[in-house]
Every structure is written in C-alpha cells, then in structure tokens.
Amino acid sequence: MSIADPNKTILTGENPFIRLSPKDGEPNSTEASYWRIIFSPAGPGHVLYLKSELTEGRWRIYSDNIAMARWLQSTVQGMLNAELSDTTIPCADAQFSKAGDPRYFWTEYIKSHGEDISLTWFDIGEPLLIHSQPNQIPDRRYGVCTVLIPALGTRLVRNGVEAKGRSWPREREGRPFSTSALAFSESWTEAV
C-alpha cells in the first residue's frame with residue numbers, strides 16, 4: 001500500500017490568517033490572508049490579501065511575486081474567498097519579514113510604498129494536523145494538509161493604527177480553535 005498522496009501537489013508553504021469582528025458572530029471587520037509560498041507553478045514568494053476598515057473596506061494585495069499572487073487568486077485563494085478571484089484588484093510591490101517563536105507569538109511585517117503593516121498572533125493554542133482530499137469538502141476542489149495553530153490573541157496594524165475587533169474562540173474537529181490561526185507546513189493538492 002502506497003503512503004504517497006495520489007494527487008498533484010500544487011503549492012507548499014504557509015498561510016496564517018486573521019479574522020476579526022467587533023462581537024462574536026458578527027461579520028468580519030478585518031480579513032487577512034498571508035501566504036509564504038515555497039513552491040508553486042508561479043514560483044516562491046509572499047502575498048498578503050487584506051480587507052479591513054484600515055483599507056476602507058476594500059481588498060488590498062501586497063506581494064513580492066505578482067505572478068504567484070495572481071496564480072493563487074485563480075486557484076486556492078480564489079476558492080477560499082470568491083471576492084479574491086478578481087485578478088484586477090491592484091497588487092502593490094512589498095518586502096516581507098518575520099519574527100517570533102510560534103509557541104508564544106508570531107509577527108509578519110510588510111513594507112510597501114509608505115505603508116507599514118504588521119500581523120501578530122499570540123495566546124497560542126495546541127496545533128492540530130488537518131488533511132483533506134480534493135473535492136472531499138463541498139465546494140473545495142483542492143485538498144490540503146496543514147498544521148493549524150489557533151491564536152486567540154491577534155493584532156493587525158497598518159501605519160500605526162490597529163484594526164478594530166478581535167479573534168474569537170471556535171471549535172474545529174472537536175478541539176479548541178479560533179477565528180485566527182497560524183497555518184504552517186501547508187500543502188495544497190488537486191486531483192490528477
């Protein structure tokens with residue numbers, strides 16, 4: 001019996017995310033999807049997809065590899081959030097760095113044309129390994145294997161102004177989770 005996943009691996013990397021709302025159960029006031037891609041058909045790179053009151057409620061995209069950012073929009077990110085399948089959303093050139101220890105806190109830094117953005121995760125929970133096959137989950141044509149690390153504490157700051165709202169506790173697969181998490185060792189697949 002083979003232990004190899006039978007599907008085609010289309011990307012591997014990281015995809016930490018932050019979802020904030022003023023009250024539990026209300027629509028998200030901030031959505032941030034951060035990617036550090038090691039391997040994809042469009043090469044490696046970083047991209048931040050951000051929508052918040054800090055961006056006037058519009059999507060903003062920051063990347064150091066626009067080809068990879070657009071490919072991601074036309075595949076996995078566009079599947080996860082249909083609003084981001086629009087590849088006409090402008091994409092700003094940016095530089096990326098990180099700091100921290102994911103056992104305690106993690107911060108991603110983005111600098112772009114007079115903009116300084118930081119995303120921080122803290123109050124870290126226990127990791128869980130998720131593995132799904134393509135089309136196993138309704139409306140998800142891609143499969144994923146990832147280590148999800150919930151974070152009840154989060155902060156997103158753009159040019160010195162912190163986004164409103166907070167992350168909220170959730171359950172996933174019967175285990176404590178959050179509306180925000182680090183997602184490491186993430187690989188996405190598609191059926192061959």
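Cys145 lies in strand E11, where helices (H or I, at least four residues) and strands (E, at least two) are DSSP runs numbered from the N terminus. Residues are numbered from 1 along each chain as its sequence is written, and side-chain values use heavy atoms, with hydrogens and water left out. Because the model is predicted, local features need pLDDT of at least 70 and side-chain atom pairs count only at pLDDT 80 or more, whereas totals for chains, interfaces and linings use all residues.

The relative accessibility of Cys145 is 26%, so this residue counts as partly exposed (buried means under 20% relative accessible area, exposed over 50%, partly exposed in between, with a 1.4 Å probe and protein chains only). The C-alpha atom of Cys145 is separated by 8.6 Å from that of Gln133, 12 residues apart along the chain.

| Residue | Residues in contact |
|---|---|
| Cys145 | Leu129, Ile130, His131, Ser185, Glu186, Ser187 |
| Leu119 | Ile18, Ala32, Leu48, Trp106, Thr107, Glu108, Ile110, Arg155, Leu156 |

A nonpolar core is a set of buried Ala, Val, Leu, Ile, Met, Phe, Trp, Tyr and Cys residues joined through side-chain atoms within 4.5 Å. The largest such core has 22 residues, and those with the most contacts inside it are Leu48, Ile110, Leu119 and Trp121. At least two residues of this core are supplied by each of E2, E3, E4, strand E8 (105-112), strand E9 (115-124), E11 and E15, with the largest share, four residues, coming from E9. Another core, of 18 residues, lies apart from it and includes Ile10, Val76, Ile89 and Tyr142.

The largest pocket is lined by 22 residues, of which Asn15, Phe17, Arg19, Leu80 and Arg140 lie nearest its centre. Two or more lining residues come from each of strand E2 (17-20), strand E3 (30-39), helix H2 (76-80), strand E11 (142-158), strand E14 (175-178) and strand E15 (181-190). A pocket here is an open set of points on a 1 Å grid over the protein atoms alone, where a 1.4 Å probe fits, with protein on both sides within 12 Å along at least five of seven lines; lining residues have an atom within 4 Å of a point.

Thr55 is found in the loop between strand E4 (45-52) and strand E5 (60-63), and counts as buried because its relative accessibility is 0%. A polar atom of the Thr55 side chain lies 2.7 Å from the backbone oxygen of Arg58.

How values were computed:
Polar contact = N/O pair within 3.5 Å; in protein donor to acceptor, adjacent residues only side chain to side chain. Contact = heavy atoms within 4.5 Å. Lists of a residue's contacts leave out its neighbours within four places in sequence.
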